[in-house]
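This report describes what can be computed from one protein model, for a reader who meets it here.

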Amino acid sequence: MYPVSSLKWVVIKMRMLDSLGDPTKSEWTVIQPVDDHDRDMLPQEILRIRELCPESSFAIVPVLVNWFQDLSPWTAPSAFKGQGDFGSGAEATLAQIIREIVPEISEKKILGGYSLAGFFALWAGYQTDLFDGIVAASPSVWYPGWDEYMAQHKCLAPMVYLSLGRQEEMTRNPVMRTVGDRIRNQFRFLEEQNVQTVLEWNPGNHFSEPERRIAAGFAWIMNNGNP
């Protein structure tokens, strides 16, 4: 746990992993919020992106976050037993990404993540047009208040990749059970706003092959909306 007085996250500045071994030659930079567990899966994720995008060069900047505080746009009650309420640190997290990372990047930028990090990336796409693509893999669009928010605001990102596991809406949790209807609404609203978007349905539940799911999203952006 990071000190409460800090933002509880660490930008791993310009520590990039890319397909050529040289960040200066990258066409794309991926900014991805991760926790310690997600950071461990980055090598598998990178290999999968390389398989799907053999012609693209890319760099990944992992941003280590305190999951439930730094990625939540507003406070909300917990959806899980034994977990504290959601915080409201997303605004500060995005501000620091824009201040410390974005100025260092000259190539095209993708902000993306999995689960709550995917939801953060999606929310960020409504705050700024600085990102060329947003990847929201199995995003937490069940988050309280999000349905109303996305209906009343315009997405500023030109491309948004959405995905969900087919079994994710089959949970007993009454809050998370809304995820299927909400992501369908999300897809519809993006299409109506002329955002280039796709909604891919994956086999399995929320915990099935996250590294493959998020890699598919980054590859879709890098391939300009093609599988």
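## A buried serine and its setting

Ser-115 is buried, with a relative accessible area of 15%, where buried means under 20% relative accessible area, exposed over 50% and partly exposed in between, with a 1.4 Å probe and protein chains only. The model is a predicted one, in which local features need pLDDT of at least 70, side-chain atom pairs count only at pLDDT 80 or more, and totals for chains, interfaces and linings use all residues. Residues are numbered from 1 along each chain as its sequence is written, and side-chain values use heavy atoms, with hydrogens and water left out.

Ser-115 sits in the loop between β5 and α5, the helices (H or I, at least four residues) and strands (E, at least two) being DSSP runs numbered from the N terminus. The phi of Ser-115 is near 65°, a positive value in a residue other than glycine. Asn-224, which lies in the segment after α8 (210-222), is not a glycine either and has a positive phi of about 55°.

## The chain as a whole

The chain holds 8 helices and 8 strands, and buried residues make up 54% of its 227 residues. Of the contacts in the chain with a separation of 6 or more, 74% are between residues 24 or more positions apart, a contact being heavy atoms within 4.5 Å.

A nonpolar core is a set of buried Ala, Val, Leu, Ile, Met, Phe, Trp, Tyr and Cys residues joined through side-chain atoms within 4.5 Å. The largest such core has 46 residues, and the members that touch the most others are Trp-146 and Val-160. Two or more residues of this core come from each of β4 (58-64), α4 (90-100), α5 (116-124), β6 (133-137), α6 (146-152), β7 (159-165) and α7 (179-192), and the largest share, 8 residues, is that of α5. Helix α5 is mostly covered, since 9 of its 9 residues are buried, including Leu-116, Phe-119, Phe-120, Leu-122 and Trp-123.

Which residues does Trp-146 contact, leaving aside its neighbours within four places in sequence? They are Trp-74, Phe-119, Leu-122, Trp-123, Tyr-126, Val-141, Arg-182 and Gln-186.

Helix α2 (residues 42-52) has Leu-42, Glu-45, Ile-46 and Ile-49 as its buried residues. Seen down the axis of α2, these residues fall within an arc of 100°, so they line one face of the helix; the arc is that of the directions from the helix axis to the C-beta atoms.

## Pockets and a cavity

Grid points are joined across faces, edges and corners, and a volume is the space filled by probe spheres set on the points. For the lining classes, Ala, Val, Leu, Ile, Met, Phe, Trp, Tyr, Cys and Pro count as nonpolar, Asp, Glu, Lys and Arg as charged, and the others, Gly among them, as polar.

| Space | Volume | Lining by class |
|---|---|---|
| Largest pocket | about 620 Å³ | 14 nonpolar, 8 polar, 4 charged residues |
| Second largest pocket | about 160 Å³ | 5 nonpolar, 1 polar, 3 charged residues |
| Largest cavity | about 30 Å³ | 7 nonpolar, 2 polar, 1 charged residues |

The largest pocket, of about 620 Å³, is lined by 26 residues, and those closest to its centre are Phe-80, Ser-115, Met-176, His-206 and Phe-207. The elements giving two or more residues to this lining are α1 (36-40) and α3 (67-70).

Among the residues lining the second largest pocket are Arg-48, Glu-200, Arg-212 and Trp-220. Both α2 and α8 give two or more residues to this lining, and α8 gives the most, with 4 residues.

The search of the whole structure finds 1 cavity of 30 Å³ or more. The lining of the largest cavity includes Gln-32, Asp-38, Trp-67, Tyr-114 and Ile-214; β3 (28-34) and β5 (108-114) each supply at least two of its residues, and the largest share, 3 residues, comes from β3.

Conventions
1 Å grid on protein atoms, 1.4 Å probe; cavity = no way out; pocket = protein on both sides within 12 Å on 5 of 7 lines; lining within 4 Å.
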